[in-house]
Amino acid sequence: MVMQQASFEQQLAWAKQHMTRSLRALAHLPDLNGVRLACSLHLDLKMLPLVEGLLAKGADLFIVTCNPTTVRDQVVDAMRQNGAQVEAWHDMPAEAHLSAVNQALTWQPTHLCEMGADLSYGLLREDSFPVEREGVQASLEATGSGINRLENLNLPYPVFNWDDLPVKEGLHNRHMVGLTTWQTFFARTHLTLHEKHVLVVGYGSVGQGIANVARAYGGTVMIAEKDPVRAIEASYDGWPVRTLEEAISDADVIVTATGASGVIAAEHIPLLKDNAILLNCGHSNIEIDVATLRTYPSEPLLPYIKAFQIDQKRIYLLAGGAMFNLTAGEGDSLNAFDVTLAVMISGIGHIVGQGANWSPGIHLLPREGWAKVI
(Lines give C-alpha, C1' and ligand atoms only; values in the text may rest on other atoms or scores of the structure.)
Protein backbone atom coordinates (compact mmCIF):
# COMPACT_ATOMS: atom_id res chain seq x y z
CA MET A 1 0.00 0.00 0.00
CA VAL A 2 1.34 3.45 -0.93
CA MET A 3 1.41 5.88 2.01
CA GLN A 4 -0.05 9.27 1.13
CA GLN A 5 1.53 12.42 2.52
CA ALA A 6 -1.01 14.45 4.46
CA SER A 7 -1.46 18.01 3.26
CA PHE A 8 -0.70 20.94 5.53
CA GLU A 9 -4.43 21.61 5.86
CA GLN A 10 -5.07 18.00 6.87
CA GLN A 11 -2.31 18.13 9.47
CA LEU A 12 -3.70 21.36 10.92
CA ALA A 13 -7.24 19.99 11.06
CA TRP A 14 -5.96 16.87 12.85
CA ALA A 15 -4.07 19.04 15.33
CA LYS A 16 -7.10 21.16 16.13
CA GLN A 17 -9.21 18.04 16.64
CA HIS A 18 -6.84 17.00 19.45
CA MET A 19 -6.14 20.42 20.98
CA THR A 20 -9.57 21.16 22.43
CA ARG A 21 -8.32 22.59 25.75
CA SER A 22 -6.38 25.25 23.88
CA LEU A 23 -9.34 26.16 21.72
CA ARG A 24 -11.55 26.51 24.81
CA ALA A 25 -8.92 28.66 26.52
CA LEU A 26 -8.76 30.92 23.46
CA ALA A 27 -12.54 31.27 23.45
CA HIS A 28 -12.45 32.48 27.08
CA LEU A 29 -9.88 35.22 26.46
CA PRO A 30 -11.14 38.79 26.79
CA ASP A 31 -11.34 41.17 23.85
CA LEU A 32 -7.72 41.87 22.85
CA ASN A 33 -8.22 44.98 20.72
CA GLY A 34 -5.44 47.42 21.61
CA VAL A 35 -3.06 44.64 22.72
CA ARG A 36 0.21 44.60 20.79
CA LEU A 37 1.70 41.22 21.68
CA ALA A 38 5.28 40.41 20.63
CA CYS A 39 5.99 36.68 20.79
CA SER A 40 9.20 34.67 20.68
CA LEU A 41 8.13 31.07 20.08
CA HIS A 42 8.89 27.76 18.44
CA LEU A 43 7.12 28.14 15.11
CA ASP A 44 5.84 24.64 14.47
CA LEU A 45 2.36 23.50 13.51
CA LYS A 46 1.09 23.32 17.10
CA MET A 47 1.51 27.10 17.48
CA LEU A 48 -0.78 27.98 14.59
CA PRO A 49 -4.09 27.55 16.51
CA LEU A 50 -2.71 29.96 19.13
CA VAL A 51 -1.93 32.64 16.55
CA GLU A 52 -5.27 32.23 14.78
CA GLY A 53 -7.13 32.51 18.09
CA LEU A 54 -5.26 35.60 19.32
CA LEU A 55 -5.84 37.39 16.02
CA ALA A 56 -9.53 36.48 16.11
CA LYS A 57 -9.74 38.13 19.54
CA GLY A 58 -8.38 41.38 18.07
CA ALA A 59 -4.71 41.30 19.13
CA ASP A 60 -1.95 42.66 16.93
CA LEU A 61 0.92 40.17 16.76
CA PHE A 62 4.62 40.47 15.96
CA ILE A 63 6.22 37.03 16.02
CA VAL A 64 9.86 35.96 16.02
CA THR A 65 11.32 32.55 16.65
CA CYS A 66 13.06 31.50 19.85
CA ASN A 67 15.05 28.91 17.87
CA PRO A 68 15.67 29.14 14.10
CA THR A 69 16.20 25.38 13.78
CA THR A 70 12.61 24.64 14.87
CA VAL A 71 10.91 26.99 12.41
CA ARG A 72 8.55 25.43 9.87
CA ASP A 73 8.37 27.86 6.94
CA GLN A 74 4.89 26.68 5.95
CA VAL A 75 3.68 27.60 9.44
CA VAL A 76 5.24 31.06 9.08
CA ASP A 77 3.42 31.54 5.78
CA ALA A 78 0.11 30.53 7.35
CA MET A 79 0.61 32.91 10.28
CA ARG A 80 1.25 35.77 7.86
CA GLN A 81 -1.81 34.89 5.82
CA ASN A 82 -3.87 35.12 9.00
CA GLY A 83 -2.60 38.64 9.66
CA ALA A 84 0.38 38.26 12.01
CA GLN A 85 3.66 40.03 11.31
CA VAL A 86 6.31 37.29 11.38
CA GLU A 87 10.06 37.74 10.94
CA ALA A 88 11.46 34.21 10.89
CA TRP A 89 12.54 31.43 8.60
CA HIS A 90 14.09 28.02 9.04
CA ASP A 91 17.80 28.15 9.94
CA MET A 92 17.94 31.95 9.70
CA PRO A 93 21.44 33.18 10.65
CA ALA A 94 22.13 34.75 14.03
CA GLU A 95 22.40 38.26 12.58
CA ALA A 96 18.98 37.98 10.94
CA HIS A 97 17.48 36.59 14.15
CA LEU A 98 18.87 39.50 16.17
CA SER A 99 17.50 41.92 13.58
CA ALA A 100 14.07 40.30 13.88
CA VAL A 101 14.13 40.70 17.66
CA ASN A 102 15.06 44.37 17.25
CA GLN A 103 12.23 44.87 14.77
CA ALA A 104 9.77 43.34 17.23
CA LEU A 105 10.90 45.76 19.93
CA THR A 106 10.83 48.78 17.62
CA TRP A 107 7.22 47.77 16.84
CA GLN A 108 6.54 48.92 20.44
CA PRO A 109 4.65 45.98 21.95
CA THR A 110 2.43 46.37 24.99
CA HIS A 111 2.97 42.77 26.13
CA LEU A 112 5.48 39.96 25.59
CA CYS A 113 5.07 36.18 25.35
CA GLU A 114 8.45 34.47 25.31
CA MET A 115 10.38 31.22 25.27
CA GLY A 116 13.95 32.09 26.20
CA ALA A 117 13.62 35.83 27.00
CA ASP A 118 15.19 37.11 23.77
CA LEU A 119 12.78 40.05 23.65
CA SER A 120 13.09 41.10 27.29
CA TYR A 121 16.85 40.63 27.27
CA GLY A 122 17.15 42.62 24.05
CA LEU A 123 15.01 45.38 25.50
CA LEU A 124 16.71 45.67 28.88
CA ARG A 125 20.38 44.80 28.54
CA GLU A 126 22.73 47.74 29.03
CA ASP A 127 24.06 47.73 25.45
CA SER A 128 20.63 47.41 23.82
CA PHE A 129 19.73 49.69 20.94
CA PRO A 130 17.65 52.81 21.75
CA VAL A 131 13.98 51.84 21.99
CA GLU A 132 10.99 52.85 24.06
CA ARG A 133 10.97 50.63 27.17
CA GLU A 134 8.01 52.04 29.06
CA GLY A 135 5.39 50.61 26.72
CA VAL A 136 5.67 46.98 27.87
CA GLN A 137 3.14 46.30 30.61
CA ALA A 138 3.83 42.64 31.39
CA SER A 139 5.52 39.50 30.04
CA LEU A 140 5.12 35.74 30.10
CA GLU A 141 8.19 33.45 30.12
CA ALA A 142 8.04 29.72 29.39
CA THR A 143 11.59 28.47 30.02
CA GLY A 144 14.01 28.09 32.89
CA SER A 145 16.85 29.38 30.71
CA GLY A 146 14.81 32.51 30.00
CA ILE A 147 14.14 33.11 33.69
CA ASN A 148 17.86 32.69 34.41
CA ARG A 149 18.69 35.38 31.82
CA LEU A 150 16.27 37.82 33.44
CA GLU A 151 17.20 37.33 37.08
CA ASN A 152 20.03 39.88 37.02
CA LEU A 153 18.19 42.51 34.97
CA ASN A 154 16.37 45.50 36.38
CA LEU A 155 12.90 44.59 35.17
CA PRO A 156 10.52 47.55 34.83
CA TYR A 157 7.47 45.29 34.37
CA PRO A 158 6.18 42.01 35.84
CA VAL A 159 7.38 38.79 34.20
CA PHE A 160 5.31 35.70 34.90
CA ASN A 161 7.27 32.46 35.05
CA TRP A 162 5.19 29.46 34.04
CA ASP A 163 8.08 27.05 33.52
CA ASP A 164 8.00 26.16 37.22
CA LEU A 165 4.27 25.43 37.34
CA PRO A 166 3.54 21.82 38.33
CA VAL A 167 1.61 21.25 35.10
CA LYS A 168 4.48 22.54 32.90
CA GLU A 169 7.36 21.08 34.87
CA GLY A 170 5.59 17.79 35.55
CA LEU A 171 4.05 17.18 32.13
CA HIS A 172 6.20 18.80 29.44
CA ASN A 173 9.60 19.02 31.16
CA ARG A 174 9.43 15.81 33.17
CA HIS A 175 7.72 13.49 30.70
CA MET A 176 7.26 14.71 27.15
CA VAL A 177 10.80 15.94 26.36
CA GLY A 178 12.31 12.59 27.32
CA LEU A 179 9.68 10.54 25.50
CA THR A 180 9.85 12.55 22.27
CA THR A 181 13.65 12.77 22.38
CA TRP A 182 14.07 9.01 22.27
CA GLN A 183 11.24 8.53 19.78
CA THR A 184 13.03 10.97 17.48
CA PHE A 185 16.36 9.25 18.16
CA PHE A 186 14.97 5.90 17.02
CA ALA A 187 13.37 7.42 13.93
CA ARG A 188 16.48 9.31 12.81
CA THR A 189 19.26 6.86 13.69
CA HIS A 190 17.36 3.55 13.30
CA LEU A 191 19.06 2.51 16.55
CA THR A 192 17.71 1.48 19.92
CA LEU A 193 19.42 2.02 23.29
CA HIS A 194 20.02 -1.65 24.04
CA GLU A 195 23.65 -2.36 24.97
CA LYS A 196 24.38 1.36 25.01
CA HIS A 197 25.68 3.48 27.87
CA VAL A 198 23.70 6.73 27.96
CA LEU A 199 25.12 9.77 29.73
CA VAL A 200 22.51 12.40 30.68
CA VAL A 201 24.16 15.74 31.46
CA GLY A 202 21.89 17.68 33.80
CA TYR A 203 19.35 16.33 36.30
CA GLY A 204 16.65 18.95 36.28
CA SER A 205 13.14 17.87 35.39
CA VAL A 206 14.06 17.48 31.70
CA GLY A 207 17.12 15.38 32.50
CA GLN A 208 15.10 13.22 34.87
CA GLY A 209 12.60 12.42 32.16
CA ILE A 210 15.31 11.70 29.60
CA ALA A 211 17.02 9.31 32.02
CA ASN A 212 13.85 7.43 32.93
CA VAL A 213 12.75 6.93 29.34
CA ALA A 214 16.26 5.89 28.28
CA ARG A 215 16.24 3.17 30.93
CA ALA A 216 12.74 2.07 29.90
CA TYR A 217 14.02 1.69 26.35
CA GLY A 218 16.94 -0.51 27.34
CA GLY A 219 19.77 1.97 27.91
CA THR A 220 22.29 1.77 30.75
CA VAL A 221 22.08 5.28 32.17
CA MET A 222 24.48 7.44 34.17
CA ILE A 223 24.13 11.06 35.28
CA ALA A 224 26.55 14.00 35.26
CA GLU A 225 25.33 16.91 37.38
CA LYS A 226 27.33 19.83 38.82
CA ASP A 227 24.70 20.96 41.30
CA PRO A 228 25.32 18.98 44.52
CA VAL A 229 21.64 18.94 45.49
CA ARG A 230 20.54 17.55 42.14
CA ALA A 231 23.47 15.14 42.14
CA ILE A 232 22.42 13.63 45.45
CA GLU A 233 18.81 13.54 44.24
CA ALA A 234 19.96 11.52 41.23
CA SER A 235 21.89 9.21 43.53
CA TYR A 236 18.83 8.68 45.74
CA ASP A 237 16.81 7.96 42.60
CA GLY A 238 19.18 5.08 41.96
CA TRP A 239 21.36 6.51 39.18
CA PRO A 240 25.14 6.24 39.08
CA VAL A 241 26.40 9.84 39.31
CA ARG A 242 29.82 10.72 37.91
CA THR A 243 31.62 13.84 36.83
CA LEU A 244 31.36 14.67 33.15
CA GLU A 245 35.10 14.18 32.72
CA GLU A 246 34.90 10.69 34.25
CA ALA A 247 31.81 9.51 32.42
CA ILE A 248 32.11 10.94 28.93
CA SER A 249 34.72 8.46 27.70
CA ASP A 250 32.45 5.52 28.63
CA ALA A 251 29.29 6.86 27.00
CA ASP A 252 27.87 5.65 23.69
CA VAL A 253 25.19 8.36 23.70
CA ILE A 254 25.57 11.75 25.41
CA VAL A 255 22.51 13.97 25.95
CA THR A 256 22.76 17.53 27.29
CA ALA A 257 19.73 18.84 29.19
CA THR A 258 20.90 21.85 31.19
CA GLY A 259 19.80 24.99 29.32
CA ALA A 260 23.35 26.34 29.82
CA SER A 261 26.04 27.13 27.27
CA GLY A 262 29.23 25.19 26.60
CA VAL A 263 28.34 22.12 28.65
CA ILE A 264 30.24 19.84 26.29
CA ALA A 265 33.28 22.07 25.82
CA ALA A 266 36.39 21.87 23.64
CA GLU A 267 38.34 19.96 26.29
CA HIS A 268 35.68 17.24 26.43
CA ILE A 269 35.65 16.44 22.72
CA PRO A 270 38.95 14.46 22.66
CA LEU A 271 37.60 12.34 25.53
CA LEU A 272 34.66 10.99 23.49
CA LYS A 273 34.82 7.32 22.58
CA ASP A 274 34.77 6.07 19.01
CA ASN A 275 31.24 6.12 17.50
CA ALA A 276 29.83 8.24 20.32
CA ILE A 277 26.58 10.06 19.53
CA LEU A 278 26.01 13.63 20.77
CA LEU A 279 22.64 15.35 21.06
CA ASN A 280 21.12 18.26 22.93
CA CYS A 281 17.66 18.54 24.47
CA GLY A 282 18.05 21.85 26.30
CA HIS A 283 16.63 25.16 25.10
CA SER A 284 20.04 26.56 24.14
CA ASN A 285 21.59 25.50 20.83
CA ILE A 286 25.07 26.00 22.26
CA GLU A 287 25.16 23.43 25.05
CA ILE A 288 27.57 21.48 22.80
CA ASP A 289 30.65 23.29 21.49
CA VAL A 290 29.74 22.77 17.85
CA ALA A 291 32.21 25.45 16.74
CA THR A 292 35.11 23.30 17.94
CA LEU A 293 33.62 20.18 16.37
CA ARG A 294 33.47 21.98 13.04
CA THR A 295 37.24 22.39 13.04
CA TYR A 296 37.50 18.63 12.43
CA PRO A 297 36.83 16.88 9.09
CA SER A 298 33.15 16.03 8.73
CA GLU A 299 30.54 14.64 6.41
CA PRO A 300 26.74 14.45 6.47
CA LEU A 301 25.49 10.86 6.64
CA LEU A 302 21.71 10.96 7.02
CA PRO A 303 19.23 13.77 7.65
CA TYR A 304 20.16 15.37 10.99
CA ILE A 305 23.28 13.18 11.40
CA LYS A 306 26.79 14.46 10.73
CA ALA A 307 30.01 12.50 11.33
CA PHE A 308 33.22 14.14 12.58
CA GLN A 309 36.64 12.53 12.34
CA ILE A 310 38.62 13.26 15.51
CA ASP A 311 42.03 11.63 15.24
CA GLN A 312 41.22 7.93 14.87
CA LYS A 313 37.68 8.28 16.22
CA ARG A 314 34.37 8.94 14.50
CA ILE A 315 31.84 11.05 16.42
CA TYR A 316 28.22 11.69 15.42
CA LEU A 317 26.36 14.95 16.09
CA LEU A 318 22.57 15.00 15.82
CA ALA A 319 20.60 18.01 14.54
CA GLY A 320 23.66 20.23 14.64
CA GLY A 321 23.49 20.41 18.43
CA ALA A 322 20.10 22.13 18.33
CA MET A 323 17.07 21.11 20.41
CA PHE A 324 16.81 17.58 19.08
CA ASN A 325 13.21 16.54 19.67
CA LEU A 326 11.73 19.59 17.91
CA THR A 327 14.44 20.19 15.30
CA ALA A 328 14.59 16.61 14.02
CA GLY A 329 11.12 15.59 15.24
CA GLU A 330 7.70 17.00 16.03
CA GLY A 331 8.20 17.71 19.74
CA ASP A 332 5.36 17.09 22.17
CA SER A 333 2.36 15.02 21.22
CA LEU A 334 -0.73 17.04 20.29
CA ASN A 335 -2.71 16.01 23.36
CA ALA A 336 0.13 16.74 25.79
CA PHE A 337 1.02 20.06 24.17
CA ASP A 338 -2.67 20.95 24.28
CA VAL A 339 -2.38 21.15 28.07
CA THR A 340 0.82 23.21 27.89
CA LEU A 341 -0.60 25.60 25.31
CA ALA A 342 -3.85 26.05 27.24
CA VAL A 343 -1.80 27.14 30.26
CA MET A 344 0.13 29.62 28.10
CA ILE A 345 -3.10 31.03 26.66
CA SER A 346 -4.46 31.50 30.17
CA GLY A 347 -1.19 33.21 31.06
CA ILE A 348 -1.70 35.64 28.18
CA GLY A 349 -5.15 36.36 29.58
CA HIS A 350 -3.51 37.11 32.93
CA ILE A 351 -0.85 39.52 31.60
CA VAL A 352 -3.37 41.53 29.58
CA GLY A 353 -5.59 41.72 32.66
CA GLN A 354 -4.73 41.87 36.35
CA GLY A 355 -1.15 40.71 35.83
CA ALA A 356 -0.18 44.04 34.31
CA ASN A 357 -0.86 45.65 37.72
CA TRP A 358 1.62 43.45 39.59
CA SER A 359 4.92 44.85 40.79
CA PRO A 360 7.95 44.70 38.47
CA GLY A 361 10.08 41.58 38.71
CA ILE A 362 9.69 37.83 38.26
CA HIS A 363 6.58 36.12 39.64
CA LEU A 364 5.25 32.60 39.40
CA LEU A 365 2.10 32.62 37.28
CA PRO A 366 -0.66 32.43 39.93
CA ARG A 367 -2.89 29.39 40.05
CA GLU A 368 -5.97 31.41 39.23
CA GLY A 369 -4.20 32.34 36.00
CA TRP A 370 -4.09 28.77 34.69
CA ALA A 371 -5.82 26.09 36.79
CA LYS A 372 -9.25 26.65 35.26
CA VAL A 373 -8.12 25.29 31.88
CA ILE A 374 -6.86 21.93 33.19
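Colleague: Say buried means under 20% relative accessible area, exposed means over 50%, and partly exposed is anything in between. Where does K273 fall on that scale?

Modeller: K273 has a relative accessibility of 27%, so it counts as partly exposed. Keep in mind that this is a predicted model.

Colleague: Noted. Which residue does K273 form a salt bridge with?

Modeller: With D252; the N to O distance between the two side chains is 3.0 Å.

Colleague: Why does K46 count as buried?

Modeller: Because its relative accessibility is 5%, and the cut-off for buried is under 20%. D44 is buried as well, with a relative accessible area of 3%.

Colleague: What about K168, which residue does its side chain meet?

Modeller: D163, in a salt bridge with 2.9 Å from N to O. K168 counts as buried at 6% relative accessibility, and D163 is buried with a relative accessible area of 10%.

Colleague: Changing topic to the sheet. What is the strand order?

Modeller: The order is β8-β7-β9-β10-β13-β12-β11, seven strands in an open sheet with mixed pairing.

Colleague: Which strands stand at the edges?

Modeller: β8 (220–224) and β11 (298–302). Each of these two has a single partner strand, so one side of each has no neighbour in the sheet.

Colleague: By how many degrees are neighbouring strands turned against each other?

Modeller: On average by 25 degrees, with direction ignored.

Colleague: Back to β11. In which sense does β11 pair with β12, parallel or antiparallel?

Modeller: Antiparallel, over four bridges, with β12 covering residues 305–310.

Colleague: Which residue in β12 stands opposite E299?

Modeller: A307.

Definitions and conventions. Residues are numbered from 1 along each chain as its sequence is written. This is a predicted model: local features need pLDDT of at least 70, side-chain atom pairs count only at pLDDT 80 or more; totals for chains, interfaces and linings use all residues. Side-chain values use heavy atoms; hydrogens and water are left out. Buried means under 20% relative accessible area, exposed over 50%, partly exposed in between (1.4 Å probe, protein chains only). A salt bridge is a side-chain nitrogen of Lys or Arg within 4 Å of a carboxyl oxygen of Asp or Glu. Two strands pair if DSSP finds at least two bridges between them. Axes are lines fitted to C-alpha atoms, for helices over the stretch in contact, and angles run from 0 to 180 degrees between N-to-C directions.
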